[in-house]
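Visitor: I would like to learn how to read salt bridges, helix packing and surface patches. Please take me through them.

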Amino acid sequence: MTGAPRLLAGKRRALAALLTALALGEAVLAVLFAAALDRLLAHPPGAPVMPLLAAAGIAVMAAAMLLLARWVGEDFAQSFVTDCRAALFEAAVRQGEGGSDARWLTVLINDMAALRNYALRGTVRLWTSVLAASAAALWAGLTMPQLREALIPLAIGAGVIMLLVWPLARAITVQRRERGRLNRFLVRRVRAELAGAPSAKGHGFRKLADMSGDLARASVRRAWGAGAMDAAATLAGLAAALVLVWQTIGSPTTAGLAGSLTLLGFIAARLLESARALHARIGGRIAIGRLTALVAPTAEHAKPKRKPRPKPDTLERAVPLRLPFGPAQPRTIPKEPRA
């Protein structure tokens, strides 16, 4: 293996196609459930058994599809993490004793969870969420004219989320750098304390406190960025619902209000899921970059070769004889006295 594994390789291609199909199926079921609610509310007084059974059947199918998507997504993520762990172990074996174990431990501690989130909640989930939301929004815009103005806040929310990608990526980079520095410091200090090595600068409690504070501040900045994305998606969904309700005030009929709100809720939920998928994807891409740089078979990571030792005869001829004081004198071999 010459680098980090590809996300879409081997059986993961088929799993990604299945996840895409499941996302489209979720959009179709959301549209059908909204239509079933409208028919149920428009039914004359009595016992609307068939519309109720149809809506219940669609709800059960949607729940089963979500369960299947969760199972397939976890299989996809674990397959990717397994390949990444194998690549990291292969690189560690190839390097041998030529590197620092703190760097390997940092990747194993920090990056495996980020890679799992990248595969499960990152790129693929972003594709499927955007696909499902786009399909539902396109259907609503073409077949439901009353929803066209309500889709505007959702589009604005999507634009705001895209603008927040760069500052969030920068915050995640800073946080991961601070966490890596802290982990490497802990590995070095724990090894030194267990070995009983003396330290002129103390045990490192002050530096540990400073580095922990830097990591805490970086984590708070990352939380602000991720929270801003979630807030934008939530506000867009609520604003879309308010626009729809405002339009129906004073209308002679509100039979389609429930179905329209359900469809808008589905689109808003997928928008929120897309924001969280962007968060996971950014962290995963940073981890992929670190893993690629670590497992690349470069000369820097190759096992150092030992220099050949000089032969004894060469050492005897080339090394001059040095006295404790004074300049170096040529080495002479005393002659044996004649009999």
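The dialogue below goes through these features in turn.

Guide: This is a predicted model, where local features need pLDDT of at least 70, side-chain atom pairs count only at pLDDT 80 or more, and totals for chains, interfaces and linings use all residues. Residues are numbered from 1 along each chain as its sequence is written, and side-chain values use heavy atoms, with hydrogens and water left out.

Visitor: How many salt bridges does a search of the whole structure find?

Guide: Side chains of opposite charge can pair when their charged atoms come close. A salt bridge here is a side-chain nitrogen of Lys or Arg within 4 Å of a carboxyl oxygen of Asp or Glu. The search finds 7.

Visitor: Which residue forms a salt bridge with Lys-11?

Guide: Asp-75 does, with the closest N and O atoms 3.3 Å apart. Asp-75 lies in helix α2 and Lys-11 in helix α1 (residues 11-42), so the pair ties together parts 64 residues apart in sequence. Helices are DSSP runs (H or I, at least four residues), numbered from the N terminus.

Visitor: Where do Asp-83 and Arg-12 lie?

Guide: Asp-83 lies in α2 and Arg-12 in α1. Their side chains meet in a salt bridge (2.8 Å, N to O). For burial, read relative accessible area: buried is under 20%, exposed over 50%, partly exposed in between (1.4 Å probe, protein chains only). Arg-12 is buried at 1%. Asp-83 is partly exposed at 28%.

Visitor: What does Arg-125 pair with in a salt bridge?

Guide: Glu-273, with the closest N and O atoms 3.4 Å apart. Arg-125 lies in helix α4 (residues 123-143) and Glu-273 in helix α8, so this pair ties together parts 148 residues apart in sequence.

Visitor: At what angle do helices α6 and α8 pack?

Guide: Axes are lines fitted to C-alpha atoms, for helices over the stretch in contact, and angles run from 0 to 180 degrees between N-to-C directions. Helix α6 (residues 165-195) and helix α8 (residues 257-295) pack at about 45 degrees, with axes 10 Å apart. They are therefore oblique to each other. Under 35 degrees counts as roughly parallel, over 145 as roughly antiparallel, 65 to 115 as roughly perpendicular, and the rest as oblique.

Visitor: Which residues form a nonpolar patch on the surface?

Guide: Patch residues have over 30% relative accessible area and no salt bridge; nonpolar side chains (Val, Leu, Ile, Met, Phe, Trp, Tyr) are joined within 5 Å, like charges within 9 Å. Val-49, Met-50 and Leu-53 form the patch. Leu-53 is found in helix α2 (residues 49-95), and counts as exposed at 53% relative accessibility.

Definitions and conventions. Accessible areas come from the Shrake-Rupley method with a 1.4 Å probe; for residues, only the protein chains shown count as cover. Helices (H or I, at least four residues) and strands (E, at least two) are DSSP runs, numbered from the N terminus.
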